[in-house]
Amino acid sequence: MEFTIYRGSNQVGGTCIEIKSGNSRILLDLGMPLNDKAGKDFLVDPLKGKKVWDKKDISDLKQSWILPDIKGLYQDDEKGFDGILLSHSHGDHFGLLHFANPKIPVVMSLGAMRMIEALNAFIPRQVPLLNTIPATHNKDIQIGGFIVKPYLMDHSAFDARGFFITEKSTGKTLFYSGDFRATGHKENAFKMLVDRPPMKPDYLVLEGTSIGRKGKPEYETEKEAQGGIREVLKQGHRLVLVACSGQNIDRICSLYAEARRAGYEFVVDPYVACVLENLRDLPYAGKIPLLENPGMRVLIHNYGRGDKYMAKIDKDGCKFKPFMAMLGRKKLKPRDMGEGKYMVLMRDGIVPAIKAIPGYKDAFLIYSQWQGYLNKSHMKLTEFVYASGLDKNMKHIHSSGHADVPTLQRLVAALNPGKIIPAHTEKPENYGALFGNNRIKPIPDNAPVYL
Ligand SMILES: [Zn+2]
Ligand SMILES: [Zn+2]
């Protein structure tokens with residue numbers, strides 16, 4: 001098979017890899033890079049506000065390095081791929097998917113699809129979900145010249161997948177790890193994989209986000225992070241704000257459990273409520289806080305013309321319109337939060353609502369996402385944290401979504417691959433010392449090789 005890394009051989013984020021067998025092509029992820037060529041923050045969307053774009057837009061985006069230059073992938077070209085395998089719903093893996101030709105089927109887990117559906121209801125540029133194939137754990141999918149077996153992976157994105165791929169014509173095999181860890185609420189997924197690994201793959205495309213990171217984190221597992229949250233709540237603050245991604249379902253489960261244990265109402269905005277509600281019928285959704293759960297509240301704020309999220313939900317055709325009544329029943333206005341104990345999930349978009357809560361400056365802040373965001377001055381939330389002095393009463397409680405080196409080594413020992421291809425890492429040069437020099441096959445970006 002022909003193997004090309006477009007992005008990811010020496011960066012975390014922007015993952016995009018092609019494998020080709022004869023005329024059959026599949027793409028592994030189509031992510032948004034975190035940084036541009038010069039190492040600055042990636043310019044997220046130069047076409048902001050433009051709902052449709054033309055061929056020239058695509059070619060401009062390729063020229064300016066926003067889109068990797070791949071023939072047959074985009075809307076300005078004939079369909080040239082049999083499928084796109086999406087490992088999970090983090091932007092650095094699917095963030096450029098809306099530029100892909102919608103005729104190309106996208107293989108993704110049901111959980112990832114539900115996450116993207118929720119995003120689609122609230123963002124202007126939508127990822128088409130017309131042509132999807134469910135990536136059910138352990139169930140083979142035939143795509144062009146390949147057989148793909150998805151594996152459930154423990155990661156901070158909900159319902160993530162790794163893929164075991166067999167080239168039909170040669171029998172050659174490759175395992176794509178996607179992003180993973182062994183320390184989340186789905187730690188069993190990792191245990192299952194190393195206890196009953198798929199047959200020794202010829203190649204392992206292995207993420208290495210944490211390789212080269214120094215020092216031990218304060219919270220290594222999701223359970224430890226949950227314990228940290230418990231300790232903060234014991235201090236008895238009336239109002240606890242939590243900066244946390246609305247899609248980090250493991251963390252939201254931890255927060256809700258501890259909020260209830262300590263007698264707090266758990267407050268989310270309408271977008272996060274829709275994310276959670278959209279997982280209701282998934283078989284493994286048992287612990288996810290749903291709207292009817294005790295203590296669940298929805299923060300609804302008048303942003304000038306009513307609540308901006310509720311207005312989107314109320315639009316005809318919005319998948320979440322049937323939830324309107326239930327959201328209304330759980331409604332909580334910022335000005336009504338002057339008394340009582342509340343834990344409020346806080347994101348960039350709801351800063352104005354937080355500012356309308358009486359006494360918000362005296363709140364305790366749990367910063368429950370990657371600490372690096374606190375250095376990104378362009379983020380509204382970061383600006384708000386410093387401007388309001390919340391950083392003075394703040395604790396960083398977070399556990400990583402990525403495997404540490406011993407966990408990566410456990411996976412390598414269990415799978416026992418012929419060769420390891422570094423990806424999603426800033427330190428490909430460290431792989432040799434960690435996994436054995438003669439086992440590593442580094443492949444630079446944009447350099448096709450035959451495996
Ligand atoms: Zn990633
Ligand atoms: Zn990820």
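1. The model is a predicted one.

2. The domain assignment divides the chain into domain 1 (2-213 + 401-450) and domain 2 (222-396). In the contact, domain 1 supplies 16 residues and domain 2 supplies 19 residues. The side of domain 1 that touches domain 2 is made up of 7 nonpolar, 6 polar and 3 charged residues.

3. R213 sits in the loop that runs between β11 (203-207) and α5 (222-234). R213 and E2 are 211 residues apart along the chain, and their C-alpha atoms are separated by 32 Å.

4. An open sheet of 7 strands can be followed in the order β6-β5-β4-β3-β2-β1-β20, and its pairing is mixed. Which strands stand at the edges? They are β6 (132-134) and β20 (449-450); each has a single partner strand, so one side of each is left without a neighbour in the sheet.

5. Inside that sheet, strand β3 (residues 24-28) and strand β4 (residues 83-85) run parallel and are joined by 3 bridges. L27 has I84 as its bridge partner in β4. Leaving aside residues up to four places away in sequence, I84 touches L27, L30, A100, I104, V106 and V107.

6. Strand β12 (residues 239-243) has 5 of its 5 residues buried, so the rest of the structure largely encloses it. Its side chains can be sorted by direction: L239, L241 and A243 point one way, V240 and V242 point the other way, and all are buried.

7. What does β12 pair with? One partner is strand β16 (residues 342-346), in the parallel sense over 5 bridges. Another is strand β17 (residues 364-367), also in the parallel sense, over 4 bridges. L239 has Y342 as its bridge partner in β16, and V242 has I366 as its bridge partner in β17.

8. Helix α4 (residues 187-195) has A189, F190 and L193 as its buried residues. Down the axis of α4 these fall within an arc of 95°, so they line one face of the helix. The buried residues of α4 pack against β8 (146-153).

9. Helix α12 (residues 405-415) has L408, L411, V412 and L415 buried. Seen down the axis of α12, they fall within an arc of 100°, so they too line one face of their helix. The exposed residues P406 and A413 are carried on the face of α12 turned away from the buried side. What do the buried residues of α12 pack against? They pack against β10 (173-176), α4, β11, β19 (419-423) and α13 (431-435). After α12 comes N416, which has a positive phi, near 50°.

10. Two further residues have a positive phi although neither is a glycine: D29, at about 65°, and N138, at about 70°. D29 is in the loop between β3 and α1 (55-63), and N138 is in the loop between β6 and β7 (141-143). D29 counts as buried because it has 28 C-beta neighbours inside 10 Å. N138 is exposed, since 12 other C-beta atoms lie within 10 Å of its own.

Methods. Residues numbered from 1 in each chain as written. Chains lettered and ligands numbered in written order. Predicted model: local features only at pLDDT ≥ 70, side-chain atom pairs only at ≥ 80, totals over all residues. Contact = placed C-beta atoms within 7 Å. Buried ≥ 20, exposed ≤ 12 C-beta atoms within 10 Å, placed from the backbone. Helix = DSSP H or I, 4+ residues; strand = E, 2+ residues; numbered from the N terminus. Arc of directions from axis to C-beta. Domains from an automatic or database assignment. Nonpolar A, V, L, I, M, F, W, Y, C, P; charged D, E, K, R; others polar. Pairing = 2+ DSSP bridges.
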